Amino acid sequence: DLKLQFLYFIGGKANMSRQMMQTFDEYQRARIKFVQTVAELATRPQHILALRTAGVMSLLRPLLLDNSESIQQSAALALGRLASYNDELAEQVVQQDILQQLVYSLSEQNRYYKKSAAFVLRSVAKHSPQLAQAVVDAGAVDQLVGCLEEFDPGVKEGAAWALGYIARHNSELAQAVVDNGATHYLVLCVQEPELTLKRIAASTLSDIAKHSPELAQVVVDNGAINHLAPLITSSDSKLKRQVCQCLAQIAKHSVELAELVVEGEIFPKIFSLLKDLDDVVRKNAATCIREVAKHTPELAQLIVNAGGVGALVDYVQETTGNARLPGIMTLGYISAFSDTLALAVVVSRGIMPLGHALEKETEDHLRAAAAWSLGQIGRHTPEHAKSVADCNILPKLLDAYLDRDSSEDLKMKAKRSLKSIIMKCVHLPALEPLLHQNAPHNILKYVCGQFAKILPNDIGAKREFVANRGLATLQQIKAEPGSKLQEAIMIINKCYPPEIVEYFDPSTPNTFLDKIDVYQS
């Protein structure tokens, strides 16, 4: 009997043990199912509001400390997806002290959890400088920099990406990333074989360098240019995008930094990227060239000597919209420095694509850039002005100036370019389309001023001015007494016999027909 009772006792214990284990297994499976389902639902925007209303953040928070690693990772993934959706959900992550748990776990957990934790930090930091500062205040930057030393490339990618989202907002946040020693490890990441890691590291270096010359100098001092510049010839389009962007962000700050970028031997290799199949690569390459060209005549000359003008002209001709802007501006920067450099743009047939942009683009800031660049070409000598005028640019500039829908910036740049080109133009037939009574007087005074300079000493031009009805048009212009426009009109009228001027003057009664009537009688 005792033996039988013992067996019953043992059997009961075993049965209770199985029931207990089953209960714990069911609890674990329920937790796994819960976090995986929430993570899946968080990928669909239509479920976000319902999840938020149900208080999902407070339910996920304790699961970050679950004894099951898979549950921890899934909870972090779900939080990251929710925080990524909008700044309000990201703010909840901050308010519920989830950041501190994540930062602590970065140094303690395995690589899978570190990737998920870095994803949450990135998702919070991306929304605003305030949320990024909260990530910094939680001590995340130091831990993320530590993750850049990990062996696993995925952990490095997650950390570099999060650091980039912190650094991109402002110089103070970028400085916090630099102060924790991230730049050195990011440059090492650029040298890693994994393409994704290279891309993200280059992007983060760009986010650091863009804010100030000092931060760009830190990036340079860590050897970034030497490792980035050769990647221009990579076959990976996404990598080329980031490399060109980073080099542009370095070069834009100063002559010295631009020269360091040039010393990386990016010319003429980068010109081939202006015909790349990837639109973003083309635009970023053009932006990089612009940031170098704008600084000094020597750097602009370097681009010209390397064959860059022809490639830029083709780029402006082949692109439309905002992608066109860096090419348009680069041609303007090059032309601005000297008549020789402007002539290189003229010879490469750069005027017509700029004129097309001025006339056909729908965005005023693009048209304004084209107007400015055309002014930089035409302002140097009479030959430059004639080259611009021969492409029928002056009426297009006048139309842009007179258009009521044009922005103030476009009107200002069109006016300045008109003035600078007209004052150099001695080819009078090119100025005649601007000579009409409805043209604004502040433009006509420059047009008439050029005629007043040339007609007194050019008999052929005087005859042609009458034959083309320029003199007749001139008499219809009502200039204010004592104005420069009236002075110019008077000088022109004095080039002709009074009876010819009187014949074309609409304010004087025409006596020619009366004389005919008298003669016939």
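**Salt bridges and packing, pair by pair**

Tutor: R168 is partly exposed, with a relative accessible area of 29% (partly exposed sits between buried, under 20%, and exposed, over 50%, with a 1.4 Å probe and protein chains only). Keep in mind that this is a predicted model, where local features need pLDDT of at least 70, side-chain atom pairs count only at pLDDT 80 or more, and totals for chains, interfaces and linings use all residues. Residues are numbered from 1 along each chain as its sequence is written, and side-chain values use heavy atoms, leaving out hydrogens and water.

Student: Which residue forms a salt bridge with R168?

Tutor: Look for a carboxyl oxygen of Asp or Glu within 4 Å of a side-chain nitrogen of Lys or Arg, since that's what a salt bridge is here. The closest N and O atoms of the pair are 3.4 Å apart, and the partner of R168 is D207.

Student: How many residues apart in sequence are the parts tied together by D207 and R168?

Tutor: D207 sits in helix 13 (195-209), while R168 is in the loop between helix 10 (153-167) and helix 11 (171-179). Helices here are DSSP runs of H or I, at least four residues, numbered from the N terminus. So the pair ties together parts whose separation in sequence is 39 residues.

Student: Is K396 buried or partly exposed?

Tutor: K396 makes a salt bridge with E359, at 3.3 Å between the closest N and O atoms. K396 lies in helix 26 (393-402) and E359 in helix 23 (351-360), so the bridge links parts 37 residues apart in sequence. E359 is partly exposed at 43%. K396 has 18% relative accessibility, which makes it buried.

Student: Which residues of helix 32 are buried, and what arc do they cover?

Tutor: Helix 32 spans residues 484-493, and its buried residues are L485, A488, I489, I492 and N493. They're on the same side of helix 32, because the arc around the axis is only 135°. That arc is taken from the directions from the helix axis to the C-beta atoms. To recap both parts: L485, A488, I489, I492 and N493, with an arc of 135°.

Student: Which helices do the buried residues of helix 32 pack against?

Tutor: Packing here goes by contact, meaning heavy atoms within 4.5 Å. The buried residues of helix 32 pack against helix 29 (441-454), helix 30 (459-467), helix 31 (470-475) and helix 33 (498-504).

How values were computed:
Helices (H or I, at least four residues) and strands (E, at least two) are DSSP runs, numbered from the N terminus.
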